[in-house]
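Subject: Structure handover

Dear colleague,

Please find the structure below, together with its sequence. I would be grateful if you kept both open while reading my notes.

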Amino acid sequence: MSDPFEILGLEPRFKLDLGALEARHRELSRALHPDRYAGGGAAERRQALSRAIEVNDALRVLKDPVRRAQALLARSGLSLEEGREPQAAPAFLMDVLELREELSVAGRAKDGAAVRRLGESIAARESQVLEALALGLAPLEGRDTAPTEPGALRGVSEKLGELRFFQRLLSEVRAIEDELL
Amino acid sequence: MAYSEKVIEHYENPRNVGVLDKEDPSVGTGLVGAPACGDVMRLQIRVNDAGVIEDAKFKTFGCGSAIASSSLATEWIKGKSIDEAATVKNSQIAEELNLPPVKIHCSVLAEDAIKSAIEDYKKKRAARLSLEKGPE
């Protein structure tokens, strides 16, 4: 996979300024817009189009924290294979199960306030995981990263797994909130 | 993506949804999750003295395929010995439910849940036996 940080000309970091990311994407998209190449040759137009597609893909990857973390890992020649993540800790799974149970109870009771409270507490836990990930991925940031020892990244894949569970819970919260509207 | 008829059938009428007392020494609890999709599955078995699974319950938060996989798993292992139950393979579940390749991981989760419930039961039993034997 090509490096989305490089495609967008951004410093490889986990904590990205999303506003700056969008601005950079807009800027590049404008420069690559087909109208600008209307007078150019077919090869030039094709090249601009494929660059525009790359830029769009890179934006999608970097907007999603899970894929952003994977992109940082991939830059350093490390990869977490899909479906081979370590099994989450039982206590964590128990928490997720309980949160989802509370969420479905609140949803069935049409208790919008309770759903919102749950959403807030899940979002707070998600931010904690994001902080932990930023810390864990720090050795991979910057343009010239030295090869890291495998031990330095221990915990990153576990946190990535936890992040996915929280993302999933939050999309459940949004779905229930939409239903209650 | 369309679900197979069997998945829809289990999804609409899940068998054995519920909870067993996890403190009960004859109950084994398996708790597994799929980080890739955020699904969580709890599968519990009640085992009699002959080592036969008398009851099985599950609770799954996940897609239709995950719910159907765990529902089918509880149906299959009821009445089986724990050794027989341990041989249930995800490929059999996937085949029975006609799961498409992108949903195979749901059946893997169900197989892991069975194994983890059996392991939990065996661990509890070993602890009980060593307790009954008393200190040497």
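This is a predicted model: local features need pLDDT of at least 70, side-chain atom pairs count only at pLDDT 80 or more; totals for chains, interfaces and linings use all residues.

Residues are numbered from 1 along each chain as its sequence is written, chains are lettered from A and ligands numbered from 1 in the order in which they are written, and side-chain values use heavy atoms, leaving out hydrogens and water.

In chain B, strand β2 (residues 39-47) pairs with strand β3 (residues 53-61) in the antiparallel sense over eight bridges; strands are DSSP runs of E with at least two residues, helices are runs of H or I with at least four, both numbered from the N terminus, and pairing requires at least two DSSP bridges. The two strands form a hairpin with five residues between them, and Gly51(B) in the turn has a positive phi of about 80°. Across the pair, Ile45(B) stands opposite Ala56(B) of β3(B).

A disulfide is a covalent bond between the sulfur atoms of two cysteines, counted here when the sulfurs lie within 2.5 Å. The count over all chains is zero; the sulfur of Cys63(B) has its closest cysteine sulfur in Cys106(B), at 3.7 Å, which is too far for a bond.

Thr74(B), in helix α2 (residues 64-77) of chain B, is buried at 0% relative accessibility, where buried means under 20% relative accessible area, exposed over 50% and partly exposed in between, with a 1.4 Å probe and protein chains only. Beyond its neighbours within four places in sequence, Thr74(B) has contacts (heavy atoms within 4.5 Å) that include Leu43(B), Ala56(B) and Phe58(B).

Best wishes
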